[in-house]
Each structure stands twice: as structure tokens, then as C-alpha cells.
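Student: I am new to this structure. Could we go through it together, one part at a time?
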Amino acid sequence: MGEFPDFPTAAVVATEAACGIPVELKEISYRRGAAVWKATGPEGAVAVKAGDGDGVAVTQREAAVLKAIGWPGCLLASGGDEGVAWLVTPWFAGPSTWHAFAPVRGTADGKAGALVASVDLCRAVAALHSSGWIHADLQPSHGIHTDHGIRLIDCSWSWRTGTEPAAGFRGGLTHLVAPELAASIEAGRRPVTPSLAADVYALAGTLWTCLTGRWPLDYAAAGIEPDQLTPAEIRVRIASRCVPLDTAAPWPAFQDILRPVLLGRANDRPTAAELAESLAKVAG
């Protein structure tokens with residue numbers, strides 16, 4: 001299994017069963033106490049996530065969410081022993097939404113492809129919402145555009161209406177948290193409850209960031225250096241709506257659809273399905 005210290009035996013067996021032997025590991029990310037590897041073998045590739053310390057609960061929750069959502073073939077195996085929680089999912093081959101927009105952020109003419117990716121992402125979120133679930137951590141890398149449709153990943157904070165929200169949830173990626181959600185978090189209300197409207201805000205913010213390469217809010221214009229602030233301090237400023245929207249306008253027609261979502265009140269935001277329909281009408 002390569003360089004994988006203290007990896008539970010059951011996870012090794014599950015990974016080898018999915019990929020074949022030998023397995024080659026490549027570390028993809030490490031955050032919140034959980035690491036993700038791409039495991040490749042003669043019979044295919046899978047994603048392996050393992051969490052220890054604070055990452056145990058996060059990894060266990062993601063496995064429970066994937067079981068509950070019931071996406072076919074999405075969770076191949078999961079478990080927890082030796083102080084490590086782990087899960088194995090298919091490796092979804094394809095660009096993230098961030099990478100789908102790379103030509104547009106550069107000099108290439110990739111608007112048509114970016115528009116398709118945007119609509120597909122919105123429709124995937126709409127399908128999730130229609131099933132009663134909220135993703136709660138939408139961001140540029142959490143939609144993978146495969147040959148068989150889009151896959152939403154990193155569901156550690158996802159929530160189903162009628163169940164208890166995750167105790168550790170703080171709004172997802174700080175720069176994409178909706179103002180009303182930021183206000184609720186900083187008011188100390190616990191547990192923090194995600195909403196469909198907040199998910200749509202993060203969805204619009206994700207697409208804005210994928211297009212411009214910048215966060216939706218213009219911190220510099222507000223005299224703020226976000227790297228010098230804690231997430232809580234950033235959320236306070238987002239909640240107060242004292243940070244203006246970014247003025248970069250590389251694709252005005254596209255951004256005209258996103259702008260009211262990011263500036264308006266929660267009750268005035270469209271659904272994810274409505275956002276998809278509006279974007280589908282934009283000229284590529």
C-alpha cells in the first residue's frame with residue numbers, strides 16, 4: 001500500500017479488492033484531520049479517505065451521509081478501527097467545475113463548455129435538494145464532471161431536513177457562506193442549520209469564483225486582508241454585508257444571473273433548478 005502509516009487492515013483489503021494488487025497511492029489532500037488518496041491498481045482506481053483525531057468524526061459522518069443518500073455505487077466500503085475512520089468510493093474521472101472553467105479564466109474561448117458545466121452543477125444540486133438533502137459545503141472542487149454525469153463529492157456536512165445538523169458545522173467554506181448563515185453562526189445558535197437558500201448562495205459564489213478566479217466578495221475594496229483574519233472574523237464581516245461584491249466582469253451576461261443571488265435576501269433567491277434554467281439561456 002505504499003506510504004500509508006497505521007492504515008487499518010480492513011481498509012487495505014477493501015482498496016485492494018476494488019483496485020487489484022499492487023496498489024499505488026497518491027495523496028490528494030489533507031484537511032480537517034482527514035486525508036484523501038487516489039488508489040490505482042490493475043483493475044481501476046478509487047478514492048480512499050482516512051481520518052484520525054478530529055478527522056474521525058468527520059469521516060464517519062461522510063460515510064453515514066453517503067449510505068443515507070443512497071447514490072448507487074458511491075460508497076464501496078467504510079469502517080473504523082485502530083483510531084482511524086475510513087471510507088472508499090469510486091474515483092470519479094473528469095474535471096472539477098473549477099477546472100472546467102480554466103479556459104475561460106485564461107485566453108481560450110471556453111464559454112460554451114463552462115456554461116454546460118454550470119448548468120449541470122446547478123441541476124445536480126437541484127436533484128439533491130429535491131431528495132430532501134442540502135450539500136452544505138458547495139465549492140469549486142466539489143462537483144466532478146464525468147462522462148456519466150456530474151458527481152457531488154465531500155458530503156461531510158450534508159444534511160437532510162428533519163434530522164439533527166452536524167455539531168461541528170460552521171457554514172462550509174468561509175468565503176462562500178451566505179450572510180444570513182454567517183450571522184446565525186456568529187450569534188452562537190447551535191447547532192447551525194444549513195438551508196436551501198444558503199446552498200444556492202454557495203452555488204452562485206462557486207460559479208463566480210470559477211469564472212473570475214477570485215472570491216465573490218471584494219475584501220480589498222473593504223480594506224480587509226482575509227489572510228490576517230480568523231474565519232469567525234470574516235464571517236462577522238460577511239454577516240454585516242460590509243464587503244462589496246467583486247467588480248471583475250469577464251462575462252457580464254453570466255454574472256448578471258449570479259449577482260442578484262449574491263446580493264439579494266435569502267427569501268428572494270431562486271432555487272437551484274431556477275438558477276440552472278436562467279444560466280441555460282445565457283449565450284456561450
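**Strands, helices and one tryptophan**

Tutor: Let us begin with a pairing: T146 has G149 in strand 8 as its bridge partner. This is a predicted model, in which local features need pLDDT of at least 70, side-chain atom pairs count only at pLDDT 80 or more, and totals for chains, interfaces and linings use all residues. Residues are numbered from 1 along each chain as its sequence is written, and side-chain values use heavy atoms, with hydrogens and water left out.

Student: How many bridges join strand 7 to strand 8?

Tutor: Four bridges join strand 7 to strand 8 (residues 149-152), and the two run antiparallel. Strands here are DSSP runs (E, at least two residues), and helices are runs of H or I with at least four residues, numbered from the N terminus. Two strands pair if DSSP finds at least two bridges between them. A hairpin through two residues connects strand 7 with strand 8.

Student: Are G143 and H145 of strand 7 buried or exposed?

Tutor: G143 and H145 on one side of strand 7 (residues 143-146) are buried, and so are I144 and T146 on the other. Buried means under 20% relative accessible area, exposed over 50%, and partly exposed in between (1.4 Å probe, protein chains only).

Student: Which residue is the bridge partner of S29 in strand 2?

Tutor: V36 is the bridge partner of S29. Strand 1 and strand 2 (residues 34-41) run antiparallel and are joined by seven bridges.

Student: Changing topic, at what angle do helix 6 and helix 8 cross?

Tutor: The axes of helix 6 (residues 179-186) and helix 8 (residues 231-240) cross at roughly 130° and come within 8 Å. Axes are lines fitted to C-alpha atoms, for helices over the stretch in contact (heavy atoms within 4.5 Å), and angles run from 0 to 180 degrees between N-to-C directions.

Student: And where is W71?

Tutor: W71 is in the loop between helix 2 (55-69) and strand 4. W71 is partly exposed, with a relative accessible area of 26%. Leaving out residues up to four places away in sequence, W71 touches L66, L128, L152 and C155.
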